[in-house]
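Please have a look at the sequence and the model before I go on.

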Amino acid sequence: MRKIIHIDMDAFFAAIEQRDCPELRGKPIAVGYDGVRGVVSTASYEARKYGIHSAMSMQTAKRLCKNLIVVEGNYHHYKEVSTQLHAIFHDYTDIIEPISLDEAFLDVTVNKKGFELAVDIAKEIKQRIKSELNLTASAGISYNKLLAKIASDYRKPNGICTIHPDKALEFVAKLPVEDLWGVGKKTAQRMHYMGIFNGEQLRSCSLQHLITMFGKAGPSFYNYARGIDEREVITDRTRKSVGCEHTFVEDLSLPSAILIELYHLVVELSERIHKGNFEGKTLTLKIKYGDFKQITRSITVQNVLKSKEDILPLAKRLLHLVRYDNAHTIRLMGLSVSNPGGDGTSKRPEWIQLELEFKEW
């Protein structure tokens, strides 16, 4: 049976700022852009007491907490600290799956230091993070990724929790369905409508019924309700896309202004592709309107998209498919390249479009 640890740093960006700037310690801070359309990247636990959380509008956060301190953030520095964090992980195992700068799974079934209990490794890692980085982390330990992730959230911040195989079914039975992987807001609402609010009620549903109601996700929900998750800790993730996007200070509708912004996006995207040595054949244009309605337009071509000269003509073609005027102003625009390497099966460009509704913060 596997031994999996999930490490999740506590308010990582905000904690680094408070560590490096003593005057910020004990105060409500939010990392992010302090502008009309700024968004909270991370909030300190002092700020979270006011209801402030990641992805919240910075203006909303400032209304909730009048003495909120906004720090623009230094993401290059955060990456450096993350590298130091992963160096600690590698002292125990090389089977590490990074989820983000501040979060990772570790498979310590066989570990470099010969620890018998995964919880002892988690305790030592937490101690080293505190002594070497002067930061805190929460750790979850279990026999699979699902339960290790749930466990790390269970006693945040600076907590540690083990879900033993003998206790897993009992633990999952009491767990709100919202805490299970893949259960978002709409899925949770559908489950609630079905009378399913926790793992025990989910476990009472047959596999066929869950497939009927939730399609391909049905088997996963069936397994999760039984504490089953066969996914391995993946050490090498293939990057599937490279992209960038800009949120404008004011909504745009003037064609010349939109073309200028599109050009800037193309230049930035080509630089990121070159830096990451990425190869892809699908270009996607993302548009978010002033009313928060979002659309995408995509095209797949035979050649690899690398340079500005490759991307700009296609980006203009995609923009030509987008409606924008005084009644349809553009709030955000993004470009991404995906489909690494392509499969070589497409004989002609393939157009894909998707529409999603987004509510204001």
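Let me begin with a definition: when I say that two residues touch, or are in contact, I mean that they have heavy atoms within 4.5 Å of each other. What you see is a predicted model, in which local features need pLDDT of at least 70 and side-chain atom pairs count only at pLDDT 80 or more, while totals for chains, interfaces and linings use all residues. Residues are numbered from 1 along each chain as its sequence is written, and side-chain values use heavy atoms, with hydrogens and water left out.

With that in hand, take Ala225, which touches Leu169, Val172, Gly199, Leu202 and Arg203, leaving out residues up to four places away in sequence. Ala225 sits in the loop between helix H11 (218-224) and strand E9, where helices (H or I, at least four residues) and strands (E, at least two) are DSSP runs numbered from the N terminus. Is Ala225 buried or exposed? Ala225 is buried, its relative accessible area being 0%; by buried I mean under 20% relative accessible area, by exposed over 50%, and by partly exposed anything in between, with a 1.4 Å probe and protein chains only. From Ala225 to Leu147 the separation is 78 residues in sequence and 11 Å in space, C-alpha to C-alpha.

Let me turn to the nonpolar cores, a core being a set of buried Ala, Val, Leu, Ile, Met, Phe, Trp, Tyr and Cys residues joined through side-chain atoms within 4.5 Å. The largest one has 33 residues, and those with the most contacts inside it are Ile5, Ile7, Phe89, Leu106, Ile125, Ile129 and Leu135. At least two residues of this core come from each of strand E1 (4-9), helix H1 (12-20), strand E2 (29-32), helix H4 (75-89), strand E6 (103-107), helix H5 (118-133) and strand E7 (137-142), and the largest share, 6 residues, is supplied by H5. As a general point, nonpolar side chains in soluble globular proteins tend to be buried together.

Next comes Asn111, in the loop between E6 and H5, which is buried with a relative accessible area of 11%. The side chain of Asn111 reaches the backbone oxygen of Val108 at 3.3 Å and the backbone nitrogen of Phe115 at 2.8 Å. Beyond four places in sequence, Asn111 touches Tyr92 and Ile121.

A few backbone details also deserve a mention. The peptide bond from Lys156 to Pro157 is cis, with omega near -5°, and Pro157 is in the loop between helix H6 (145-154) and strand E8 (160-162). Asn158 lies in the loop between H6 and E8 as well, and has a positive phi, near 55°, although Asn158 is not a glycine. Ala55, in the loop between helix H2 (45-48) and helix H3 (58-64), likewise has a positive phi, of about 75°, and is partly exposed, with a relative accessible area of 43%.

I will close with the largest pocket, which is lined by Lys79, Leu101, Arg239, Val242, Gly243, Arg272 and Lys275. On a 1 Å grid over the protein atoms alone, a pocket is an open set of points where a 1.4 Å probe fits, with protein on both sides within 12 Å along at least five of seven lines, and lining residues have an atom within 4 Å of a point. Strand E9 (241-252) and helix H12 (255-276) each supply at least two residues of this lining.

Terms used. A polar contact is a pair of N or O atoms within 3.5 Å; within protein, one must be able to donate a hydrogen and the other to accept it, and residues adjacent in sequence count only if both atoms are side-chain atoms.
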